[in-house]
Amino acid sequence: MNTLQSPSFQGNLYLPKYVYHGTLRKFIPGLYERLLDDSWWRKTDRDFGAGFYTTISFRQAAKWAVKAALDSMKTDFSEAVVLKIRVDADQFPHFSDCLVFLGDSNPEWARFIVDHRLDCRDDGFDPCSHHPAIIIGQMADNKMEKVHDEYYKSEIEIKGNDKYEWYYNRMTQNQEGHHLDSLDLGNQICFSDPGLNEMLRIEKFYVLDEGTKEWIEYG
Ligand SMILES: [Zn+2]
C-alpha cells in the first residue's frame, strides 16, 4: 500500500460524546462484557479493516442493525439492536493514533478503503505498515458488495492506480449514477485497537419491536 501523505496534526481532536453501533440482540451479553474484542471482528470486506464500527447517527446504526437482523433470518433470527455508547476520551489525553478523512470523499479515502477491502485476509494480514487505532471517515456506499463483485467479475482488466479511480467512481455514486457527497454517504468511526476498550461504555440500548416497528429503550 502506498503511504498516505498528510501533514502531522497539531491541534485538538474531540471525539463525539456518544456513538451508536448496530448489532443483534444475541450479541448484547458479550458486548457488555467487552466492547472492543477483536476476536469478534470480521477481518475481511470492511471499509477500514477489522474493527468495531460506530456512527454518530442513530438512524445509520439502525439501518445496519436491521440489515443484520434480516440476514440472521437465514440462520438463527435475532432482533435488531442499537447500542448507545458513551465515549470517554479524557482518560487518553495524549491519544493521537487517528486517521481522519474530512470533507468530501477523496482519492486517499478511496485508496484506504480499496486496499482494506481487497487486501485484508482472514489470517489477520492488513495492508498498513501501522493500522491506525481510530479511523473516521465517510462510508462507502451501501452497495459496496455489489461493486466488489462487479470488480472481480469484470472482463476488463483494471490494473494499478486505475482500480482506485474505478472504485472511487462507483463507491460514490447512487444507482442513477449521481455523485454522492460526504453527507449523503454518512460517517463512520472505527475503533481498531482493543486497548481502547476503557474509552467506551454502553449507556443504553434499543431493540426493534418487530410488531410495532418501534425502538424500545433498555438499560
Ligand atoms: Zn490497515
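## Paired strands

Two strands are said to pair if DSSP finds at least two bridges between them, and strands themselves (E, at least two residues), like helices (H or I, at least four), are DSSP runs numbered from the N terminus. This is a predicted model, in which local features need pLDDT of at least 70 and side-chain atom pairs count only at pLDDT 80 or more, while totals for chains, interfaces and linings use all residues. Residues are numbered from 1 along each chain as its sequence is written.

Strands β1 and β3 run antiparallel and are joined by seven bridges, and one of the residues concerned is Y20, whose bridge partner in β3 is K84. A residue is buried if 20 or more other C-beta atoms, placed from the backbone, lie within 10 Å of its own, exposed if 12 or fewer do, and partly exposed in between. Five of the seven residues of β1 (residues 18-24) are buried, so this strand is largely enclosed by the rest of the structure.

## The open sheet

Four strands form an open sheet in the order β2-β6-β5-β4, with mixed pairing. Its edge strands, each pairing on one side only, are β2 (52-54) and β4 (98-100), and the twist from one strand to the next averages 15°.

Strand β2 runs antiparallel to β6 (residues 187-191), and three bridges join them; here F52 stands opposite F191 in β6.

## The nonpolar core

A nonpolar core is a set of buried Ala, Val, Leu, Ile, Met, Phe, Trp, Tyr and Cys residues joined through C-beta atoms within 7 Å. The largest one has 40 residues, and those with the most contacts inside it include V82, I134 and C190. Strand β3 (residues 80-87) gives the most to this core, with six residues.

Two residues are in contact if their C-beta atoms, placed from the backbone, lie within 7 Å. Apart from neighbours within four places in sequence, C190 is in contact with F48, G51, F52, Y53, I134 and I135.

Helices α3 (residues 107-119) and α5 (residues 162-171) pack at an angle of about 100°, with their axes 9 Å apart, where axes are lines fitted to C-alpha atoms over the stretch in contact and angles run from 0 to 180 degrees between N-to-C directions. In α3, P107, A110, R111, I113 and V114 meet K163, Y164, Y167, Y168 and M171 in α5.

Helix α5 also holds R170, which counts as partly exposed because it has 19 C-beta neighbours inside 10 Å.
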